[in-house]
Amino acid sequence: MSKRLRENISSRYVEAANSLASKRARRKIVAYVESYDDILFWRTVLDRFEDDTRFFEVMLPSRGTLKRGKKSVLMNLISERVGRDMIACVDADYDYLLQGATHTSAKILGSPYVFHTYVYAIENYQCYAPGLHNVCVMVTLNDHAIFDFEDYLRQYSEVCYPLFVWSVWMYRTGNYNDFSLTDFCKAIDPGGFNVANPQASIDHLRGKVRRRVHFLQNRYPKAKASYRQLDGELRRLGVTPETTYLYIQGHHVFDTVVVPILTKVCNRLRMERENEINRTSVHRTQMRNEISCYENSIENIGSMLKKSVGYMACPQFKRLQADVERYLAQCDAQAATAPAASGAGGSTDAAATGAGQAQT
């Protein structure tokens, strides 16, 4: 029985539970996410909208059946049951850029109760360039800016952009078997990185991208017009050559591009701090104590990157919050126009009807 009940929980169920609470109690809105790693991110999205009338509970749909990281599973579980008091929060992947070309993309973009990141995934937000220096400070406790993350990721994005358009074109046209997302990520791997000479990795990447773009142009000679059309559409959706890294597969940007850079930058910052301790210590015992204290204060790069909230200034993040604000305004408008005399059951039915109409 409990299994069947859990499988049939919907927005109407949550709304009915809210109606049984005290009139002074805050309304609970359940926000389902894909995996445990997503919980903190979506908490930062939704936190500012909590007040004395409502609060959010961010959670996984089912600990027993949900395969972590599988957006399709999440969508199949709750996409038909979301509504005023139950929402779904997912990574956009390519679905935002596909603009309804696939079933999943249409579901995500078509429901006012399904929210997506706009950028590829939460990892892209974590790698938001203006926030990376702060990550270095969190890791090393050294505020010396020795590397321009924004300039490097801008150049990286500009080099990748022509091939990125091809990647989206492949998925839009169903030709992704000829150039898959895995193939794209391999092609845009910058390879070795040197803090003292970052331009070398950009130049190496530029050669790889040019060769692959030339290959695809020869393989699809009739795609020129549709490629240009897609290029213009992507720009209207908010993708620019300077910010392409936000729309590339999140794990690739996180693991292959940003973490290797942060590792080498943070290693230099650590050495700089340790050299300073060596230089200013009065005697050996003080030096050892200071070095030990400093090493115990150093944090893990991956953990600090995941905890960083520098992305809150990102325009895409603000756009996501604007979507949540619009949804809440619509819910408040529905509640205000619902018949006051209908009681708890009438309120629930009205909300469910509104959700169904919005999804239709």
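Me: How many helices and strands does the chain have?
Reply: The model is a predicted one. Of the 360 residues in its chain, 45% count as buried. As for secondary structure, the chain has 17 helices and four strands.

Me: What share of the contacts with a separation of 6 or more comes from residues 24 or more positions apart?
Reply: Contact here means heavy atoms within 4.5 Å. Among contacts in the chain with a separation of 6 or more, residues 24 or more positions apart account for 79%.

Me: How much of the accessible surface of the chain belongs to carbon and sulfur atoms?
Reply: The accessible surface of the chain comes to about 18,100 Å². The part of this surface that belongs to carbon and sulfur atoms is 49%.

Me: How many residues of strand S3 are buried?
Reply: Strand S3 covers residues 86-90. Met86, Ala88 and Val90 point one way from the strand, Ile87 and Cys89 point the other way, and all are buried. The number of buried residues in S3 is therefore five, because buried means under 20% relative accessible area and five of its five residues are buried.

Me: Which residue of S3 is the bridge partner of Val30?
Reply: Strand S1, residues 27-32, runs parallel to S3, and three bridges join them. Within S3, the bridge partner of Val30 is Met86.

Me: How many residues apart are Arg172 and Glu233?
Reply: Arg172 and Glu233 form a salt bridge, with the closest N and O atoms 2.9 Å apart. Arg172 is in helix H9, residues 149-173, and Glu233 is in helix H12, residues 224-236. The pair links distant parts of the chain, and the separation is 61 residues.

Me: Is Arg172 buried or partly exposed?
Reply: Buried would require under 20% relative accessible area, and exposed over 50%. The relative accessible area of Arg172 is 25%, so this residue is partly exposed.

Me: Why does the salt bridge of Arg219 and Asp178 tie together parts that are 41 residues apart in sequence?
Reply: The closest N and O atoms of Arg219 and Asp178 are 3.7 Å apart. Arg219 lies in helix H11, residues 199-219, whereas Asp178 lies in the loop between H9 and helix H10, so the pair ties together parts with a separation in sequence of 41 residues.

Me: Is Asp323 buried or exposed?
Reply: Asp323 and Arg326 meet in a salt bridge at 2.4 Å, N to O. Both lie in helix H16, three residues apart, about one turn of the helix. Arg326 is partly exposed at 45%. Asp323 has a relative accessible area of 15%, under the 20% cut-off, so Asp323 is buried.

Me: What distance separates the C-alpha atoms of Arg206 and Val159?
Reply: Arg206 lies in helix H11. Leaving aside neighbours within four places in sequence, Arg206 is in contact with Val159 and Gln199. Arg206 and Val159 are 47 residues apart along the chain, and their C-alpha atoms are separated by 5.8 Å.

Methods. Residues numbered from 1 in each chain as written. Predicted model: local features only at pLDDT ≥ 70, side-chain atom pairs only at ≥ 80, totals over all residues. Heavy atoms only, no water. Salt bridge = Lys/Arg side-chain N within 4 Å of Asp/Glu carboxyl O. Helix = DSSP H or I, 4+ residues; strand = E, 2+ residues; numbered from the N terminus. Buried < 20%, exposed > 50% of the residue type's maximum accessible area, 1.4 Å probe, protein only. Areas by Shrake-Rupley, 256 points an atom, 1.4 Å probe, with all protein chains shown as cover. Pairing = 2+ DSSP bridges.
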